[in-house]
Amino acid sequence: MDDIVITGYGIKAPGVVDEFSFFNVLNKGICTQSILKNDNQPHSSIVAGLIEDDFLDISGVNYRRYPRSVRMAIAAAMDASEMSNLDYFKPHRVAVVMGTSAGAILEIEKYAIDGFDFKKFPIHGVSIVDTHTLSGSVAEAIGTCGTAFTVTTGCTASIDAVMIGKQLLESGSVDACIVGGTDAPLGQWTINGFKKIRVLSTETSIEKAGVPFSSEHRGFVLSEGAGVLVLERKQSAQARKQKIYGKIERVVSRNEGQKLLSSDITGRHMLEVFQETLGNTIPSYVNSQALGIELNDQIERFILKETFGSGVPITSIKGMIGHAFGAMGAMQIISSLLSMEYGFIPPTIKTSGEGFEDVPIVYETRQQAVESVCITTHGGSGNNACLLLTRT
């Protein structure tokens, strides 16, 4: 079976417009978060990961009626397609598999008040609530007409999209796959929802909000963004002399089968997924889900210690760009690709590791060769997904 490799990628994140700005953020350990103000509730502003661009016009095309999450995905997909020279493939042989968690929640909030007024109801109302508008719109924008799926498995969605894309390529169903995730969840429904279950950071100080691996801080920083990858078989990449950035060695994703708002507090489900993904590989480091939620961060500690003790370093990029739900796994993959290409491990910023002193956390940028990275993600719906990324 031929290897499945990455030949292009695109990213839109807080303070990040392309791979070069993302490398700068990661290498220097820059926090790109800011204050999201609520004009209707002046005393309820939060720290969040905001993107300045509205993406209403992309490459001369008007996308004003498209949800913000879709617009970000289109912009990232166009960058990924250009990097990989995707035009090489026949349009019907290119699949699109995109993941999301919050979908078009911003637009649903915006138009909800007019939902029962026929005259004010938007002409694109049906498309807004149809989550598959995401993958269909990405396919249209990049000019493909092959298989298209939209994955809605919460925060593991983009890793799950990679898994599906890998399987499509291995089966010979397609010749290339656009995979990834996008989320624009910075609306009141999402904010109130995560405040209600007490996992969203309510800190007003950027440096104290969304602190990974810390027993002295609580809650994550909500963010928006999109990450998109181009996958293809190694044989085709070599035949067309296309640069290969990394190989998808293994992906494992499973659901815990828990009740609503519940998750496995023992970490055993995640441990099995983590160890099966790694097999016999000892990665250069773990690119962690850790984001400032106590249970998640403790599970990250548990699976690392159970598997490697203190022998493998771990880091989280959430202190820099926040947590962008279904887009985050793809963003972690892209950060790991840059890490392998330029030889460094990005730092876990904001924290000094209170309560996690036995964990080999990378606090400052570490310049070293990186041969493989394990990416971990947890979903609010009970999914656990890990991906092993290696050099070819």
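## Close-up views of the predicted model

**View A. Leu261 lies in the loop that joins strand β11 (246–255) to helix α9 (268–278).** The structure is a predicted model, in which local features need pLDDT of at least 70 and side-chain atom pairs count only at pLDDT 80 or more, whereas totals for chains, interfaces and linings use all residues. Residues are numbered from 1 along each chain as its sequence is written, and side-chain values use heavy atoms, with hydrogens and water left out. Helices (H or I, at least four residues) and strands (E, at least two) are DSSP runs, numbered from the N terminus. Although Leu261 is not a glycine, its phi is positive, at about 70 degrees. Leu261 counts as exposed because its relative accessibility is 70%; buried means under 20% relative accessible area, exposed over 50%, and partly exposed in between (1.4 Å probe, protein chains only).

**View B. Arg198 occupies the loop between α7 (188–196) and β9 (222–223).** Arg198 is another residue that is not a glycine, and its phi is positive, at about 60 degrees. With a relative accessible area of 76%, Arg198 is exposed.

**View C. Helix α6 spans residues 157–171.** Its 15 residues reach 21 Å from the first C-alpha to the last, close to the 21 Å expected at 1.5 Å a residue; the expected span is 1.5 Å times one less than the number of residues. The buried residues of α6 are Ala157, Ser158, Ile159, Asp160, Ala161, Val162, Gly165, Lys166, Leu168 and Leu169. An α-helix has 3.6 residues a turn, so residues three or four places apart point the same way. Gly172 follows α6 and has a positive phi, near 85 degrees.

**View D. The second largest pocket holds about 230 Å³ of space.** Pockets and cavities are found on a 1 Å grid over the protein atoms alone: a cavity is a set of points where a 1.4 Å probe fits but cannot get out, a pocket is an open set with protein on both sides within 12 Å along at least five of seven lines, and lining residues have an atom within 4 Å of a point. Grid points are joined across faces, edges and corners, and a volume is the space filled by probe spheres set on the points. The pocket is lined by 17 residues, of which Lys12, Val16, Val17, Asp53 and Phe55 are the closest to its centre. Both β4 (57–58) and α2 (68–84) supply at least two lining residues, and the largest share, three residues, comes from α2. The lining has 10 nonpolar, two polar and five charged residues. In this classification Ala, Val, Leu, Ile, Met, Phe, Trp, Tyr, Cys and Pro count as nonpolar, Asp, Glu, Lys and Arg as charged, and the others, Gly among them, as polar.

**View E. The largest cavity contains about 80 Å³ of space.** The count of cavities of 30 Å³ or more comes to two. Of the 13 residues that line the largest cavity, Val70, Gly103, Ala104, Thr131 and Leu134 lie nearest its centre. Helices α2, α4 (125–129) and α5 each contribute at least two residues to this lining, which has five nonpolar, seven polar and one charged residues.

**View F. Ser135 is placed in helix α5 (residues 133–142).** Ser135 counts as buried because its relative accessibility is 0%. Apart from neighbours within four places in sequence, Ser135 is in contact (heavy atoms within 4.5 Å) with Val96, Val97, Met98, Ala148, Phe149 and Thr150.

**View G. The second largest cavity, with about 50 Å³ of space, has Asp297 in its lining.** By class, the lining has two nonpolar, four polar and three charged residues. Asp297 belongs to helix α10 (residues 294–308) and is buried, with a relative accessible area of 2%. Its C-alpha atom is separated by 7.0 Å from that of Pro212, 85 residues apart along the chain. Not counting residues up to four places away in sequence, Asp297 touches Val211, Pro212, Phe213, Ala290, Leu291, Gly292 and Phe356.

View H. A disulfide is a pair of cysteine sulfur atoms within 2.5 Å. Cys145 is in no disulfide, and the nearest cysteine sulfur, that of Cys177, is 14 Å away. Cys177 is likewise in no disulfide, and its nearest cysteine sulfur is that of Cys145. Cys145 counts as exposed at 55% relative accessibility, whereas Cys177 is buried, with a relative accessible area of 0%.
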